[in-house]
Amino acid sequence: MANNADKNVMDSAAAPVIEDASLPEMPLAGDIAREIMETGAGAPSPGPRGAEMPEPAPSSEADEESASYGDEEPGSYGDMEGPAAACAPPGDYTEAYLRLAIDVDDGELTLVDAAVIDGPVVFSDLTGQMAYDAVVHGRRVAADAFDDLAVRHSFLSPDSPETGHGVGQTSHYQFVARVPRSEVTLDELADLEVTLMRPPSTRALAENEAAAPGLPLEDAAAAAGSEQPEIVGRLHGIDLEQLGGSAAEAVRSRLR
Amino acid sequence: MPESVTTLQPAGSPGAKRDIAIVGDGFQEGEQSLFNDYCRDTVMEGVFRQDFYYEAAQAFNIYRVNLFSADSGVTTNTYDADGNLVNSVHRDTRLDTIFTGMWARCWIEDGPSTSSRLNMVLSAFVPDWDFVLIVVNSTGFGGCRRGNRLYVTRGADWSVVAHEFGHGFGSLADEYCRPGTFSGSEPQEVNVTANMNRSTLKWRQFVSPTTPVPTGVNPNPGNGACTGYNQGTRPALWSSDLDAGLFEGAKYQDSGIYRPVENCRMRGNSPQFDPVCYTEMRRIQHPFSGQTFNHVVTGDFNGDGRDEVLVHNENSIQIYQASGNQLDFVAGAVERVPGSWQFASGDKFYVGDFNGDGKDEVIVYNSTNWNQEYLGLLVDDGDGGLRLIRRYDDRMPGWQFARDDTFAVADFNGDGTDDLIVSNGTNWSPAYLGMLRSTGFGFTVARRYDGVLAGWQMRKGDRYLPGDFNGDGRDDLYVWNGTDWSVRYLAMLHSTGSGYAMVKRYDNTAPGWSMAKHDQHVVGDFTGEGRDDLYVFNGDDWSKAYLGMLSSTGSELSMVNRYDGNAPGWQMRRHDRHWAMDVDGNGRTDLLVYNYQDWSTEYLGTMVSTGSGLTCNWRADWLGEWNLGSVDQFEPCNYEGASGRRDVVVHNDNWLGMIRATPTLSLQRLYYRWIHNYRQGRNW
């Protein structure tokens, strides 16, 4: 049969496409088969599933008129119950991330807090005035970007608006680094290197990432032939002992 | 009452969102309402009801931390002109902040223990915070941002907070001006530049070709002023915050550096973000918003005669109003709407006018995300959004909800308000069907059928298709089962208003049509006679595809036309999919047809009913700038407010398009990742 299926573009003037020549054309009347519905059936067909619906219900017009199936009055509603989320058993390494709070003082980075937090972690596309990457044995395990945290910014004075913002720098601030738990083990913490940097432009790291995805950010800049970010400081290794007993133990117990 | 944290906006898992903590200092236990009011009025009803922040609210978790200070107010230090402390009024406060009232000292300073105390508080209450807003109990003016901390007094209004968040969440530069000439290299922020070359300008895509570049040039450098439009005549409809050009003065200089618009939020605080800043904020926060266009429903929620578009993602919704051929954001909700419907990923939406007010309401059903099933009735809140007026938890009188309940909208009693049909053949034995009559503010089970429906033995594979096949104003029911019996059955059940009566049953054969397992049906009045007819398509069970037009006489069906393999202007194939439309507004139901699987490219077409046949036209591969694909979903609707139902919203993960189907299929508007109408250019 001449149809245009072989050239595979629609031609509404062509003959119908035969999808499957082994199938018949539609007859004018169908077969009569064996298991058939009983006309006027009075009983429901038995089924293997579930149980009967426990709610009583109107089953006739008379029922409906006399039954108390009316709507309840609208009211105020509380929280919806649940969700019935399954709790991860101890030692279960489902989605979670390591959160590191890092103090910056004149370019010196110090770990001030750490915790493992349940749930997914999402990173920006590396647009920002500052950024960090976290690297283990040359492998980038996390990177994110944000506003310049070293900026101090006073509101405009209503008495002398011409002076604008008071803008200054501060040498002491904190930032947060997040590392997916799946990307780092407890043993690797000692080798985890967190680098805080300022890119040459807010979009520079994102552009480098597009050109050389997944590399440590300095390597990505080199691979992309871009200007290197200015390094603010580095934290060489995560020493949980700095945190004190309970916080350190909490992290240890939740990393592989 | 102990110190506590309250989640004001629970958008999602902390690591997947931006987490803002609002912490008070200098508020005694009995003064918490002052702090709470500030959080509500300034942050929630102020900042997060403004343009970008409202539209992208689901990117942000917002936490309020109530701390109790021993004293009311905070320590106030006074300095002389040389910066010497001349007076200090000490207050014992939870965070030890100090109000100075001096611009040069950033208005508010940390006390010796502020950082350590703040870290302890946040660690306890908001362990994964990104940004903290510290509200000090002072009515004096002032505010200071230090990195990811923003300090404000109670005198700071929403606009300054919105401005500062522009720095904190968008890395945006200030667009203020002061005397001075910029002489450095190109600034790193996206919204300021030293580059005057139109072809390489950072924001060139937002500048109209007719706009002069530069657009504003400072005639007196050193005057400290930000220059407005002065290169030619400022167009009458020029917007000072939305029309982009190149205006001299930005980032604390009045010359040698330029900003995109005359006055945006990064200069004047209260104006909205200009297209450059808006796009940057959206782009950076997009991964945290989690927004896609995968789940879209349409309906005329505000009763203006045009369908709005409701976008649902996880625990949020956004509603966009149609205006001409574009959509404008009107309202959104994160986590819940007033009345307490909490949105979740498994929500299913059904749209109809359930109270007869001429506006569409929304039924939401969720049987997967909670410990029990929920059904909610959401109505227009009068401000473009929705509010819940009725919720059924787990059951309603006469019906026990179950996981696989399936709903259909139908006015089965002909009172002019839509009702619901609910069926479940999966979770119970026997199968059930309920007729839920709308009371305008809820539903009542008018009738329930347990296993047998007016002579029809109900089975798991039953498909219920409401339609007024006898033209009496009540929606009747076509019932189809092609899987559970060795005979294929199609029934016409007439609605009495409170029940159904069997009118006709077809066993294996309808007039001119041999029924087969994979028959697909679309209900609609294709003859224009006031009765709902039946399109039936089968592309699987025969050697070629068939499309039948079965017209209802009110008591039976008759074959008006059957297309074997080809319809006029459309070659039918196995995976054709159909939706009901009224392309030409003549009251006859037409079809939208799509096939992305059977040809070397995708085809989208219309099949317009003449009453006794079809005329088709189609577009292949591209529809304007829309590249048709396998992931595309289609929502026939009426966003134009014209007669009929001639519009289609097409959507997938990242893209949403507005299609008009007459005179031929044409794309009217295209959005990428978010819905925003730029006056010039776009975000891709």
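Reader: Which residue in β9(B) is the bridge partner of A:Ser154?
Author: B:Cys144 is the partner. Keep in mind that this is a predicted model.

Reader: How many bridges join β5(A) to strand β9 of chain B, and do they run parallel or antiparallel?
Author: Three bridges join them. The two strands run antiparallel.

Reader: And the wider interface? How many residues of each chain are in contact?
Author: On chain A, 102 residues are in contact with 109 residues of chain B. Elements of chain A that each supply at least two residues to that side include α1 (61–66), β2 (108–118) and β7 (172–180). The chain A side divides into 49 nonpolar, 28 polar and 25 charged residues.

Reader: What ipTM does the predictor give the complex?
Author: The ipTM is 0.82, and the pTM is 0.92. For chain B, the average pLDDT is 96, and 100% of the residues score at least 70.

Reader: Switching topic. Which residues have the most contacts inside the largest nonpolar core?
Author: B:Ala21, B:Ile22, B:Val161 and B:Tyr478. That core has 252 residues. Strand β1 (residues 96–105) of chain A gives the most to it, with seven residues.

Reader: What is B:Tyr478 in contact with, leaving aside neighbours within four places in sequence?
Author: Its contacts include B:Leu465, B:Phe469, B:Met492, B:His521 and B:Leu534.

Reader: Back to chain A. What do the buried residues of α2(A) pack against?
Author: They pack against β3 (130–136), β4 (139–146) and α3 (217–223) of chain A. Among those buried residues are A:Leu205, A:Asn208 and A:Glu209.

Terms used:
Residues are numbered from 1 along each chain as its sequence is written. Chains are lettered from A and ligands numbered from 1 in the order in which they are written. This is a predicted model: local features need pLDDT of at least 70, side-chain atom pairs count only at pLDDT 80 or more; totals for chains, interfaces and linings use all residues. A nonpolar core is a set of buried Ala, Val, Leu, Ile, Met, Phe, Trp, Tyr and Cys residues joined through C-beta atoms within 7 Å. A residue is buried if 20 or more other C-beta atoms lie within 10 Å of its own, exposed if 12 or fewer, and partly exposed in between; C-beta atoms are placed from the backbone. Helices (H or I, at least four residues) and strands (E, at least two) are DSSP runs, numbered from the N terminus. Two residues are in contact if their C-beta atoms, placed from the backbone, lie within 7 Å. pLDDT is the predictor's confidence in each residue, from 0 to 100. Ala, Val, Leu, Ile, Met, Phe, Trp, Tyr, Cys and Pro count as nonpolar, Asp, Glu, Lys and Arg as charged, and the others, Gly among them, as polar. Two strands pair if DSSP finds at least two bridges between them.
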